[in-house]
Amino acid sequence: MEEEKKTIGAKLLSKAAMIFSSLWIAVLTILKGMQKINLEIDAIIYSGVAITAVWTPTFISIITDKIKNKVE
């Protein structure tokens, strides 16, 4: 019997990274407001944006490929 390989798609990983970065910013901002961490708000936002920036090109690439296939 053949084993089925289960893979996680790029679209799912991209969405997960976007959700993670949103939670990252929200949680760290709350902790900053409670004075539990000593980070600048700019650093919190930039780190969340960096997480998204790493994964968003993959997501955008999938969307542009679908548009390209519909045009052709």
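Reader: How many helices and how many strands are there in the protein chain?

Author: This is a predicted model. The protein chain has 2 helices and 0 strands. Helix 1 spans 10–33, and helix 2 covers residues 41–71.

Reader: Why is serine 21 called buried?

Author: Buried means under 20% relative accessible area. Serine 21 has 3% relative accessibility, so serine 21 counts as buried. Serine 21 lies in helix 1. Leaving aside residues up to four places away in sequence, serine 21 touches Gly48, Ile51 and Thr52. Across the protein chain, buried residues make up 11% of the 72 residues.

Reader: What makes tyrosine 46 exposed?

Author: The cut-off for exposed is over 50% relative accessible area. Tyrosine 46 is at 58%, and therefore counts as exposed. Tyrosine 46 sits in helix 2.

Reader: Why is valine 49 called partly exposed?

Author: Partly exposed is the range between buried, under 20%, and exposed, over 50%. The relative accessible area of valine 49 is 47%, so valine 49 is partly exposed. Valine 49 is also in helix 2. The C-alpha atom of valine 49 is separated by 9.9 Å from that of tryptophan 24, and the two are 25 residues apart along the chain.

Reader: Which residues make the nonpolar surface patch?

Author: Ile41, Ile45, Tyr46 and Val49 make this patch of about 370 Å². A patch residue needs over 30% relative accessible area.

Reader: Which class does lysine 32 belong to: buried, exposed or partly exposed?

Author: Lysine 32 is at 28% relative accessibility and therefore counts as partly exposed. Lysine 32 is found in helix 1.

Reader: Which residues does lysine 32 touch, not counting residues up to four places away in sequence?

Author: Lysine 32 touches Ile37, Leu39, Glu40, Ile41 and Ile44. To be counted as a contact, heavy atoms must be within 4.5 Å. From C-alpha to C-alpha, lysine 32 and isoleucine 44 are 9.3 Å apart in space, and they are 12 residues apart in sequence. For the protein chain, among contacts with a separation of 6 or more, 59% are between residues 24 or more positions apart.

Reader: What is the phi of glutamine 35?

Author: Phi of glutamine 35 is near 60°, a positive value in a residue other than glycine. Most residues other than glycine have a negative phi.

Reader: Where is glutamine 35, and why is glutamine 35 called exposed?

Author: Glutamine 35 is in the loop between helix 1 and helix 2. Exposed means over 50%. Glutamine 35 has a relative accessible area of 71%, so glutamine 35 is exposed.

How values were computed:
Residues numbered from 1 in each chain as written. Predicted model: local features only at pLDDT ≥ 70, side-chain atom pairs only at ≥ 80, totals over all residues. Heavy atoms only, no water. Helix = DSSP H or I, 4+ residues; strand = E, 2+ residues; numbered from the N terminus. Buried < 20%, exposed > 50% of the residue type's maximum accessible area, 1.4 Å probe, protein only. Patch = residues over 30% accessible without salt bridge, like charges linked within 9 Å, V, L, I, M, F, W, Y side chains within 5 Å. Areas by Shrake-Rupley, 256 points an atom, 1.4 Å probe, with all protein chains shown as cover. Salt bridge = Lys/Arg side-chain N within 4 Å of Asp/Glu carboxyl O.
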